[in-house]
Amino acid sequence: MSTQQHTTAEPNYLEYDGKHNGLLGWLLSTDHKRVAILYLVSMVTFFFAGVSAGFVMRLVQLTPFHKMITAQTYNALFTFHGVVMIFLFVIPGLNAVFGNFVLPIILGAKDVQFPRLNLASWYFFIGGALIAVIALFTGNGPPDTGWSFYAPFSLKTGTNVTLGVFAAFILGFSSMLTGINFVTTIHRLRAPGMTFFKMPLFPWAVYATSWMQILATPVLAVTLLLVILERLFGIGIFDPAKGGDPVLYQHMFWIYSHPAVYIMILPAMGAISEILPTFAQRTIFGYKAIAFSSIAIAGFGSLVWAHHMFTSGMSDFGNMIFSLLTMVVAVPSAIKVFNWVATLYKGSINFQPPLLYALSFIFLFCIGGMTGVWQGALALDIHLHDTYFIVGHFHYVMFGGTGFAFFAALVYWFPKMFGRMYSNTAMYVAWFPMFIGFNMLYFTMLILGMQGMPRRYYAHLPQYHLAHVVATVGSWIMISGLLIFFGSLLHAVFRGKKAGSNPWHAVTLEWSVPSPPPVENFDEVPTVTHEPYHFAKEAGS
Amino acid sequence: MNFLPKASTFATQADKLFLQIFVLSLVFLVFITALMIYFVIKYSKKRHPKAEQIEGHTLLEITWTVVPLLLFVAIFYYGWTSYDYARRAPRDAMVVKVTGRQWTWSFKYPNGKQTDKLYAVLDRPMKLDVNSVDILHGFYIPAFRLKADAVPGRTNTIWFQPTRLGTYDIQCTVICGVNHSSMLSHVEVVREKEFKAWYFGPEGAPEPTAVAALAPPEHAGEPEALALMRPRGCLGCHSIDGKPMVGPTFRGLYGKQEEVVTKTGLARVTMDDERLRLAILEPSREVVRGYPEQMPVVPIGDDELNRVVAYIKELK
Ligand SMILES: [Cu+2]
């Protein structure tokens, strides 16, 4: 790589005092790195709010019937848990944090294309989150419909659905604007010489994701607006009593929300594709296949939404087509898994926490993906749909997948972001309960689902009791791992040993600038002449 | 699956498919995991200090694109054919109308008999026309591996042929409000003889029971009005013992003074025969203050309505 190591006296982005300082210096900064940290802090906060709700839900399932909270509260809890985790944690996900922090640097740019719009996106995000919080405490009680807001229940329930839905509507803007920003950044701001095929794989994934955010989110916005209008004025789009169609709601909802699943997972896959070459010290296996599979996932992923609706009463022909397409979309994901594993082959593997979390991602994501295929098979879906099986499945994908990839990406880029190093031991110690507890919790849910336990149930029949207890104990183990993980990272932000600019001997551009990076990232725009994972020079050194 | 009874022809098919896909997935998972662990150990920095830069291998990559594609399409195919089976009811299947409402199921047989438990005959096909009168519900019989959403304004059909006598759970799978998890019922698989004795018997003939469920019927000997209200779901929202539930209790309702919200504002009314009737026939016209506007319009005959009103009147 023709970029030199920059040693510069310029202040790093954490210390820099601009027009404003102190807290305002963060809240009004348009620096992509500071915006990324704003996202990180707010999202982790929301994540723990969601975890707490999940924790209480698991406690409730410790007893089959007599409970510590009412059924209404339970319904509000799982709605809260779903909305927070999905709209405030996994949808912004790796894109908001690492897309913001890493994308411009890895492309050799000084910032995203529209820095002010970028900050505005964060304000939409926080604004939406605030409205969601207000929805909890005003009106006739917090929404109780589940995060999917299925009509006509969402139209008829007396709870504060209107405001809750409006919050999701606002959050959509954050997502769309971020998408527009990143697509433009990738088109316009790549370093000289960095053609699309010399671009690392994380930007490829961000690129595919961003297009989905731009194209799919408006459908959600329209759907949610219609729900609001229908609640306020009874226009009768979705309510059959007024001539509407509840299945239409489901189509519109999933036309967004299925691609949203890929919005959540694609950047995670991108991060894994950065981490594996670095710790194997070799080029990625099948660069083009991975890059194109991101695009294929985005494309096919937009055409499979109705596999959430096999029991809703679609035509058999429709069900057949959507089942077939669902199988097709599994292929690019499988390709990625094979390429990742092959990237370890004949590498020189430097085993560090990011690699452990990345490999855990592959394992958990495989289970998530395969259970998805089971449900894509029509005959099995008729049994498994709307049971704990689906709950287990999407936690494997969203938490085992996106969540663990988020953790992997966080420990991978942590030294770059904060200029400090965490304790490796703490990361291994945290991993153990997290991984064991995770499987105890969610694998048990898969089993519960096969046994016929429906989701979103306040009380359960006696035959499901044992498994519920196992899952609850699993949740305690997992949460203790999470606490150790975030606790020790927080400690490292302030007290960690200083990290050098390239602790992992990685070769992508973000590692060529100091840690933490200076405000402008590069004093001299780098020129790119090689493929992104060009380890040849470093190898063996 | 031993931990869940398998009690229909479709369940046998579905479980077979399940087992095949399960084994396939397990092989894949074990293979990928073992390979990862093996590589990490074999090519660790210590053992393998210099990495080889391998950019790809066309043949290998084509293989791992085409083979999964074929496998997935095969899974699709078998999933589809079994599903197709579950959708095409034989001509001689008895058709039962299943109606979901917050928070009960009711079943109506071709001759007009109506129950809140489903009775099915061993080894005889039965087709269900599933429907809802208020919001979405999910009609699910785990032991049969079958499910259909109950959607207001449309009819979704499934069919099954029970292969084992017994009582099996019916659960609601689509969130439908506060009592979602108690929207339960049972399907009772009985012998043809017992079924016919009940089905063709006079009104009030004892309902058939499967060998497994010899317990006396839960609601034997209750007042007629209650038997009328139970399948209509009234008792899911209203109590008869004075406790408010989703709606006000029926106890002491007659003659009570209360505030109601009407289109034009608040009004004070006394509950008399006429108001009771109105409250049941047109629930949204006057909504009792402090309660949600959630009472559904439930079809009820004139005569039946009279009996319900008379019953509430007596409930002091
Ligand atoms: Cu229901």
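N95(A) lies in helix α4 of chain A, where helices are DSSP runs of H or I with at least four residues, numbered from the N terminus. N95(A) counts as buried because its relative accessibility is 0%, and buried means under 20% relative accessible area with a 1.4 Å probe and protein chains only. The model is predicted, so local features need pLDDT of at least 70 and side-chain atom pairs count only at pLDDT 80 or more, while totals for chains, interfaces and linings use all residues. Residues are numbered from 1 along each chain as its sequence is written, chains are lettered from A and ligands numbered from 1 in the order in which they are written, and side-chain values use heavy atoms, without hydrogens and water.

**Around N95(A)**
- Leaving aside residues up to four places away in sequence, N95(A) touches N100(A), F182(A), V206(A), T209(A), S210(A), Q213(A) and P267(A); contact means heavy atoms within 4.5 Å.

**Cavities**
- There are two cavities of 30 Å³ or more in the structure; on a 1 Å grid over the protein atoms alone, a cavity is a set of points where a 1.4 Å probe fits but cannot get out, and lining residues have an atom within 4 Å of a point.
- The largest cavity holds about 150 Å³ of space, a volume being the space filled by probe spheres set on the points.
- Its lining has 16 residues, and I91(A), P92(A), L171(A), S174(A) and S175(A) are the closest to the centre.
- Two or more lining residues come from each of α4 (93–107), α7 (161–188) and α8 of chain A, and α7(A) gives the largest share, six residues.

**Helix α5(A)**
- Helix α5 of chain A covers residues 115–137 and reaches 34 Å from its first C-alpha to its last, close to the 33 Å expected at 1.5 Å a residue; the expected span is 1.5 Å times one less than the number of residues.
- Its buried residues include W122(A), F125(A), I126(A) and I131(A).
- Their cover includes α1 (22–27), α2 (32–60), α3 (71–90), α4 and α7 of chain A.

**Helix α10(A)**
- Helix α10 of chain A has 15 residues, 287–301.
- Y287(A), I290(A), A291(A), S293(A), S294(A), I297(A), A298(A) and G301(A) are the buried residues of α10(A).
- These residues are on the same side of α10(A) because they cover an arc of only 160 degrees around the axis, taken from the directions from the helix axis to the C-beta atoms.
- The buried residues of α10(A) pack against α8 (201–233), α9 (246–280) and α11 (316–344) of chain A.

Notes
Buried < 20%, exposed > 50% of the residue type's maximum accessible area, 1.4 Å probe, protein only. 1 Å grid on protein atoms, 1.4 Å probe; cavity = no way out; pocket = protein on both sides within 12 Å on 5 of 7 lines; lining within 4 Å.
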